[in-house]
Amino acid sequence: MTGRLRFATPTLVLVMSIAWMALCFGIDYTFNPQLWAGAPPAPPTSVPLSLHFHHLRCKGCEDEIRKALGTLPWLQGATMSVRASGDDTAAGNFAGWLDISVQNIPQIDFIALDQALRQEGFVASQIELGGLRHFRLEGKARHLCSPTAKDDCEPLPDVGTVRRGERLKWLDSLTTDASGSTIIFHVRYQDPNQRIDVKELFAAMDDYGMLPYSLNVIATAE
Amino acid sequence: MKARLRFSLVSTLVVLLPRLAAAHERFVKHDLKKPMQDAFFMQQDGKPFGMDPNMIQIGLLVTLVLAAFFVFFFLREGLDEFLRYKILAPLRGAVQRFVHNLACFIMDKPVRNKWFYAAGEWSVIMFLRSPALVLMYSATNDSLVMPSYPLEPSSAVIFKFIQVLLAILILTQTLLPLCGALVIGTWLYTFRWGPLVAIDAIPVVTAGILYAMSPWQSHKLAITRMNAQQTRVIRFVFGLGFFVLGWAKIYNHDLTVGVADNYPWIMNDPMVGFFKIGTDAAFQRETWVMSFALAEVMSGFMMMMGVFTRLWGTIMIIMFTKLTLVDFGWDEIPHLYPIGAALAVVTSNHLRSEFGIVERIERAWRSGSPAMRWGMVAVSSAVIAFLAVMPIMYLLTFTDRAYLR
């Protein structure tokens, strides 16, 4: 039986709506304090960079990798340590993480990092960057479709197209600057211990068929 | 019309500060390919009322068209008599019924047809439940209410589960008044990201209103019709959304034209082109923004006031469907909100205008002088149309858009 129909009064609807709005604000305030802060926090003096190699702990490999990384000015003098976890600790597995503390954040260039390693015959399977909560990656490219181009070149893909499954979940959006030579990857606001895997971006750029000649970390305000 | 989402939900999408606005609109490209002539939209010395003459021309043309629609609407009883006794009288059978139903449809009168009635029932069910699909889709895309509003990762899980719970309540028709409060409350929360975001999301509120006005025992009922009060409130809020969105397009003109820069074919809309007729070609993009926005203001105002509701509702349904299926694609799936609302309103047999007093005077004066009656209708229509368009357009020229940069 349905019985006598009862309706919510406008006052009740209003009260429930405002209560719900207040709860949303409460959730927002609790979990996203950065959005309520007047000024963004200053970027840290150093950030953790972790590279995963399948051959890090083989005899001689670690030294070769350190040597390759030492050619990069922004990694000279950086503290590095080897870490093995999960499947890496299984017998016969020589994979591992090379944890680096990078102090010269504006000089970080992931393209240079990748090329320096390849020069020595190594490729990192993962390149994880953490420590920054609000930042973006800025790539310089030679062959980028200008913002004013219409029919004679292919514009950047939509962010929804670039993401695949779990890949690039950390990417909020991508834009180009007015010069048409810079592509900016805006990273979603990160939790304190969250990291992004830059190799996911490399894979997406491989799919797209273009690679910038530099890919820097920008932690300053736009 | 707002290529809304059009841009609407495009332009949308999505603004606390312009930077956030841009982020929210990232699903529909909106990069400005060349700067606008901002002075066009602002107060200028030495010009009539400080407004660019092209802007005034477009405003007056829209006012004229709007007034013409009002005149036809207020005199529709006379047109109906002409139709009934001059055109339908010699016809017979199915043709007569079809023309009669078509006339009733266009003139916002009850359509007594079983197919129309069935379509109305289906539309209400679609309007009632389809928001759950968009909520589910948004949850799986780390977004709030619609995919163009990304959630912060730190609170995403909470809001995603809440949206799934709300979607389940909607799909099972459980505690619909609570669902309405949750939808309306969430919409109020979007003000946290700025008024432009909240304006963009007004179509969502229409569904919330229907839920809020449903009985608590909704899970035991087959809700297939909207009553007159529900129809009126939903129609008003639905039209208000477009009316305000139209003005927001002028205010945030860079975002509006940015979408057009990326999807240039949307600049070929015939109605927008009509409003631009005779304007200075040196202000091509600026006049397009004005025409486009005021076309949306006009359609939104008529929907809001219940004037040719079905006609404009049908145009909106076609536009939104085209924008989703043809122009912008999957990213515009939130158009299900306005499509559902428009379908429910268009197929309602409880339509009436907000200008009942003009209609009552027109009816009362039918036995008198036609000139008096037509004059009253003409003056009323002109005043309504003028007040709907020109004052706000004038006031917008004084607004500071610096924070949008």
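Biologist: Which residues does B:Met290 touch, not counting residues up to four places away in sequence?

Modeller: Contact means heavy atoms within 4.5 Å. By that criterion B:Met290 touches B:Phe40, B:Phe41, B:Met55, B:Ile58, B:Ile250 and B:Met393, residues up to four places away in sequence being left out. Please note that this is a predicted model, in which local features need pLDDT of at least 70 and side-chain atom pairs count only at pLDDT 80 or more, while totals for chains, interfaces and linings use all residues. Residues are numbered from 1 along each chain as its sequence is written, chains are lettered from A in the order in which they are written, and side-chain values use heavy atoms, without hydrogens and water.

Biologist: Which residues touch the most other members of the largest nonpolar core?

Modeller: A nonpolar core is a set of buried Ala, Val, Leu, Ile, Met, Phe, Trp, Tyr and Cys residues joined through side-chain atoms within 4.5 Å; buried means under 20% relative accessible area, with a 1.4 Å probe and protein chains only. The largest core has 125 residues, and B:Leu66, B:Phe70, B:Met290, B:Leu294, B:Phe301 and B:Phe355 touch the most other members. Helix 14 of chain B, residues 284-305, gives the most to this core, with 14 residues. A second, separate core of 51 residues includes A:Trp74, A:Met80, A:Leu144 and A:Leu168.

Biologist: How many residues of helix 10 of chain B are buried?

Modeller: Helices are DSSP runs (H or I, at least four residues), numbered from the N terminus. In helix 10 of chain B, residues 202-212, eleven of the eleven residues are buried, so this helix is largely enclosed by the rest of the structure. Among them are B:Pro203, B:Thr206 and B:Tyr211.

Biologist: Is A:Asp114 buried or exposed?

Modeller: A:Asp114 lies in helix 4 of chain A, residues 110-119. Its relative accessibility is 8%, so A:Asp114 counts as buried. A:Asp114 touches A:Lys199 and A:Phe202, not counting residues up to four places away in sequence.

Methods. Buried means under 20% relative accessible area, exposed over 50%, partly exposed in between (1.4 Å probe, protein chains only). Helices (H or I, at least four residues) and strands (E, at least two) are DSSP runs, numbered from the N terminus.
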